[in-house]
Every structure is written in C-alpha cells, then in structure tokens.
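Work through the exercises below with the sequence and the model in view, and try each task before reading its solution.

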Amino acid sequence: MSDFIKKFQSQIGWFGTANTIDCTLGYNLTDFDRRTWRSNFEIPLDELILFVRDTSFWNDKNEGCVMTDRGIYVINDNDHPEDEYIILWSEFDNVIYKELVFYFFNGDEQIGGIYYSNLIKCEDSEIRNKATSICNFLADLASMVEPEISPIQLAEDGKYEEAVSSAYNYVKSAPESVDAHFTLGRVLYLKNANAPEGELDNDELDAAANEFLEALDKTEKPEEDNYVLYRNLAFTRELQNRTYQARDLYIAAMEFSSNPKAEMDEIKNCEQLLSETWDNYTDVYDYSNRKFCMPIRDFEIGGCNATGIDVFRMSNIPKAMTFPTGHPYPGQLYIGHPYNKSLYVPYEQSEDIFFMDKVHELCYLLECLGAEQIEITSIKGKQVSEMNEAASKMSGSADLKLFSGEGQISNSSSYSSDSSSKTSRTLTVRLDPMKLPYLPENLIWYSQQPQWQRLVERRINNNILEYSESVQSSDTRFTNSTEMDDIQASAKYLWVKIKANVEQNTKSQFRESTETVWNINVKFRSLKDFSNPVTSSNSTTNKSIELTSEEKEYLEEYQLCLEEGGELSSKELRMLDRMRIRLGITEERAEELIQTLKPSYTTEEQEFVDEIKACLEEDGVISDREMRMLDRMRSRLGISEERGKEILRIVTKS
C-alpha cells in the first residue's frame with residue numbers, strides 16, 4: 001500500500017459523520033456500489049476509489065464527490081452533466097476555505113472550487129471548525145503526488161505510447177473539453193511527425209484531424225482557439241501529403257492570425273509544393289471536386305474557405321484554368337465546363353453559354369456530315385437572333401470556341417431569317433458541302449450525346465437525308481436545386497468575408513435562367529451527289545465511306561449474306577474470300593469494310609447489350625420477367641424505347 005493511501009485512510013473522521021451510505025471510505029463499499037460510483041462518475045478502472053460523498057436526493061450515487069488516488073471527481077447537479085469536473089492531486093498545492101467553498105490553488109492560480117457539502121457531511125455551523133484541518137489534509141495529500149506530465153510533454157519527450165494513453169484518458173475524463181481533444185490530436189500528430197520515414201500511420205493522423213475538428217466544434221472562444229486548431233489541422237494534412245487541404249486550412253487560420261503575413265507565406269509555400277498539381281489542376285481533380293471556384297484578392301483571402309467552392313488568390317490562379325475574355329473578376333462565382341475541363345465561365349451566364357456551345361457544336365457536326373440546309377427554330381424562351389448576338393459577344397475570343405473546326409466547310413453558304421409567328425423565329429443556313437461526310441475531331445459534347453453518335457452512324461452507313469432534334473437549355477443545366485442551395489450558402493459566406501454586397505451579388509449571380517427550347521432541322525446532300533469529293537485530312541471514317549465500285553460490290557454481297565442467315569456459313573465465307581481475291585481487295589481492307597457493318601454502341605448501350613446476351617445465354621429466349629427487367633435497365637441507362645428495341649433486334653438476330 002502506498003504512503004498516499006496509508007495517509008488518506010489514517011485520517012478517519014475528517015469528512016464528518018461516518019456511515020456506509022452517503023459519506024464513507026472506499027473500502028466500506030460493496031463491489032456493486034463501487035461499480036455504480038465508477039460508472040456514474042466515469043472513473044477509469046485503473047484508479048482506486050478512496051472516498052465517496054453522495055448528495056443525490058435518493059442516494060442514487062450520481063451526484064456529489066468521489067476521491068481516487070488520481071484526483072477528486074465532482075458532479076454538482078446530476079441534471080446538468082456539463083457541470084462535471086475533476087481536480088487532480090497533481091494540479092494543486094494549496095487549499096483555502098471561504099464562505100462554504102474549498103478553493104484549490106496552484107501557486108497563485110485558482111484552479112477550482114468545491115462546495116463544502118460535496119466533501120463532508122455536517123451542518124453549516126460545524127464547517128468552520130473543521131475547515132482548517134480539511135484544507136491541511138488535502139494539501140498534505142497533494143504534496144505527496146508527483147506532478148503529472150502533460151501528454152503533449154510526454155510526446156515531445158518521445159514517450160509516445162504513454163502520451164497516447166494519457167491523452168485518451170484525458171478525453172475520457174473530460175469529453176466536453178476543448179483542451180482534451182486538442183491534446184489528443186496534438187499527441188497523435190507529434191507521434192507521426194517524428195516517425196521513421198515510411199512509417200506514418202494515416203489512421204492515426206485521420207484520428208488527430210478528427211480531434212482537432214471536435215475541438216473546433218466545441219470551442220466557445222473562436223478568437224482564442226481557432227488559430228491554433230486550424231494550424232494544427234493544416235500541419236496534420238501536410239504530413240499526409242494532403243497539401244491542397246492544408247492550404248485551405250492555412251487560409252482559415254489566417255482570419256484569426258495576429259500576423260497574417262506569416263500565414264500568407266504558409267499559403268504560398270503550400271501552393272509552391274503543389275506546383276505540379278496546381279499547373280494541372282483540371283486534370284488532377286474530378287469535375288465534381290473542382291466544379292465551382294471563386295477568385296479572391298490576396299489581401300482578402302483570410303478565412304475564405306467554403307464547402308464546394310475552390311478559392312484562389314487572384315495573383316496565382318492555376319494555369320490549367322481558362323476564362324472568357326476580361327475574366328476572372330474577384331468575388332465572381334465560376335462553374336467549370338462539364339466536358340471542356342479547362343474552361344470556367346461565370347455561373348450567372350453558364351446555362352446560356354453551355355446551351356449555345358452545344359448548339360454550335362451540333363451545327364458544326366451537321367456541316368461536317370454534309371448538311372445542305374440547317375433550320376433553327378425558337379420554340380420557347382430566347383429567340384435565335386437574341387442568343388446569336390449574345391453568343392457573338394461571349395465568343396469574341398477563341399477561348400469560347402469550345403469545339404474545334406476545320407475552317408471553311410463549304411465553298412458557299414447563305415443565311416436567312418424568317419418570322420413564322422409572333423412567338424417563333426427561324427434561322428436558316430444553306431450550305432454547299434464539298435467534302436464527303438466525316439466525323440470531325442476534338443468535339444466536346446459528342447462523347448456524351450448517344451443520339452448524335454447514332455446520327456453519324458446512320459448518315460455515313462445508311463445515307464440518311466433528313467434529321468431533326470430538339471435542344472433544351474435545361475439539358476445544359478449542371479446544378480440541381482439542392483446543390484444550388486448549398487453553393488449559394490457558401491458563396492454568401494465568402495462574400496461576407498470579403499465584405500462584398502451579399503444581397504446584390506446573390507440577386508445578380510443566382511438569378512433564374514429562362515428555359516429555352518429550339519428545334520434544329522437539317523437536310524443532307526445525298527452521298528450519291530458528291531462529285532470529285534474533297535478528302536478530309538483529319539477524318540477517321542473516310543475509309544469506310546470512300547468506296548470503289550469493287551469495294552461496294554463486295555460489301556453489298558457480304559451484307560446480303562448476313563441478312564439472309566444472320567451468321568455466315570463456312571461455304572459463304574469461302575465464296576466471299578474468292579470474290580475478294582477476284583475484285584483485288586486485300587484482307588486488311590476487307591476487314592475494314594466488314595467493320596463498318598458492325599453496330600457501334602455507347603458505354604450505356606454496351607451495358608444493355610451485355611445484359612441482353614446474358615439473358616439469351618441459357619436457352620436463347622428472353623422471358624417476360626427478363627424483358628421487364630431489361631426495360632427497367634434501359635430506362636435507368638437513359639436509352640430511348642425506340643433505340644432499345646433496335647438494340648434488342650440486332651442482338652437477338654446475331
């Protein structure tokens with residue numbers, strides 16, 4: 001038994017009337033009572049209970065005081081759990097009684113106080129006679145305890161396991177304490193900051209970050225605590241090579257810094273470390289993680305850290321980002337183009353810009369496919385002439401030519417505009433195509449438009465002559481209502497930070513766009529009518545459409561065999577091979593010709609095809625139940641009913 005415990009137990013009677021119910025030494029307790037006290041006061045198992053004082057009304061053991069060999073646990077009121085605390089023996093060296101309260105001091109610093117009835121059981125008139133001896137008794141006990149070394153000091157001394165254990169106990173004993181959570185986070189950080197190379201524990205560092213976030217959530221003095229907490233969060237993320245997050249955390253800390261220049265140096269240092277990522281920003285991050293951005297003046301950036309919006313200093317915007325002429329402006333919200341990853345446009349104009357961009361690309365594609373006439377009719381919303389004029393202003397420089405063209409498509413073209421009604425206007429473009437139809441390179445929207453892909457296939461392989469499509473601005477809206485609410489809240493937060501006019505900016509940058517619907521109708525020149533066609537140098541499909549008479553004869557015979565039997569027999573294959581040799585067609589060219597007959601599918605359509613094949617695999621029949629399942633899958637994949645039937649026919653036939 002330690003001297004401390006011997007001294008404690010030798011002073012029987014210091015606490016007043018002795019009994020085994022509400023004021024007694026620990027060894028008088030039953031195991032059941034001891035377990036109840038330990039549970040209610042959250043006392044670790046490795047501490048010895050020396051004394052209890054129960055002040056609860058029904059002796060429920062959930063209010064009063066418990067002394068252990070580590071400290072004095074106090075619950076003043078069991079209806080207010082936040083009014084719980086512990087005074088460690090190692091924390092004080094003197095006790096003074098005054099006006100029914102025992103005050104605990106470390107030197108001249110008061111560290112706490114305990115109302116007398118939580119320590120002893122006696123009448124108010126008796127306490128004065130006992131107070132001096134109790135003060136001396138408690139101070140003597142405290143003098144026998146070695147001062148506890150803080151967990152952070154233990155970590156700084158390299159005693160990491162002891163430090164971690166002590167820090168976890170600190171959080172357990174004071175779960176609402178900002179300092180407790182900070183201490184645990186700091187200990188876990190220090191342990192890993194000094195770990196040998198290659199031995200970082202990312203789980204521990206994530207735990208450290210969570211402790212700092214918990215402390216941030218609990219702090220009632222942000223002006224005192226946030227600077228230290230944000231910086232330590234930044235240190236942790238830097239250690240994990242999450243430098244971009246660290247930069248944002250230094251920006252957050254800058255708001256509470258007494259020396260903003262030091263924080264700016266940290267921010268610049270992070271951006272320097274990120275130089276490769278920074279210069280390739282739009283390649284490194286997924287669209288969902290870089291969708292919105294807002295440039296901020298360097299001197300205003302402190303505290304500008306908002307969910308969903310990347311913030312950049314005006315003097316150091318990533319080189320991978322491009323903006324319309326005259327942009328960017330500080331405090332302007334920008335949205336990234338969903339398919340042209342380098343371009344960012346003002347959010348307030350984005351729907352119109354993306355809509356016109358899609359229309360331009362479709363018209364360019366139609367020209368490359370040999371359009372003789374394109375008609376664009378305004379059905380709803382903004383008129384063609386109105387949007388065309390706006391587009392001319394927006395695309396005054398090359399950075400808003402989002403798709404790449406080859407220059408002049410035809411040797412002559414004409415434009416006319418006819419008013420067909422009070423609510424509809426039609427723009428007509430007449431062209432004289434000189435090149436055989438081809439798929440141009442570097443299209444932006446094409447890869448995400450399965451109907452355009454089918455158009456190219458039908459135009460090149462089947463000589464389609466007319467085509468119509470409805471284009472809606474809602475299809476180029478890439479922010480749903482929930483996301484818009486979140487982004488608007490973040491933008492308002494940033495505008496407050498930079499002292500901008502929040503109401504005016506909200507009104508101008510989040511105004512509701514007019515829904516616009518246009519019909520696009522096109523008439524193509526027949527492939528038979530191209531005389532002395534010009535060959536496109538960048539075409540990837542010319543070989544399949546510039547056919548000699550011998551190649552046409554071979555391809556027609558091959559297609560005829562397919563249509564009659566679905567699969568080619570060995571006899572048909574030998575006959576076709578003799579025909580190929582007779583016509584002077586090489587095996588390589590024959591294979592190229594055959595490939596033009598095979599259907600091409602988008603990623604979603606190929607998934608649908610695979611599922612159809614799986615249904616056919618067992619017995620070659622698709623049941624009604626499987627058909628319903630396939631129909632639901634088709635709808636989920638965004639495949640039209642007509643296209644679904646076409647795919648089903650092709651797959652089942654093959």
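**Exercise 1: two residues in a loop**

E99 lies in the loop between β6 (94–98) and β7 (101–106), where strands are DSSP runs of E with at least two residues, helices are runs of H or I with at least four, and both are numbered from the N terminus. This is a predicted model, in which local features need pLDDT of at least 70, side-chain atom pairs count only at pLDDT 80 or more, and totals for chains, interfaces and linings use all residues. Residues are numbered from 1 along each chain as its sequence is written, and side-chain values use heavy atoms, with hydrogens and water left out.

Task: determine whether E99 is buried or exposed.

Solution: The relative accessible area of E99 is 64%. Buried means under 20%, exposed over 50%, and partly exposed in between (1.4 Å probe, protein chains only), so E99 is exposed. Its phi is positive, about 55°, although E99 is not a glycine. L100, found in the loop between β6 and β7, has a positive phi near 70° and, with 24%, is partly exposed.

**Exercise 2: the span of a helix**

Task: work out what distance helix α6 (residues 178–193) should span.

Solution: The expected span is 1.5 Å times one less than the number of residues. For the 16 residues of α6 this gives 22 Å, and the end C-alpha atoms are 22 Å apart, which agrees.
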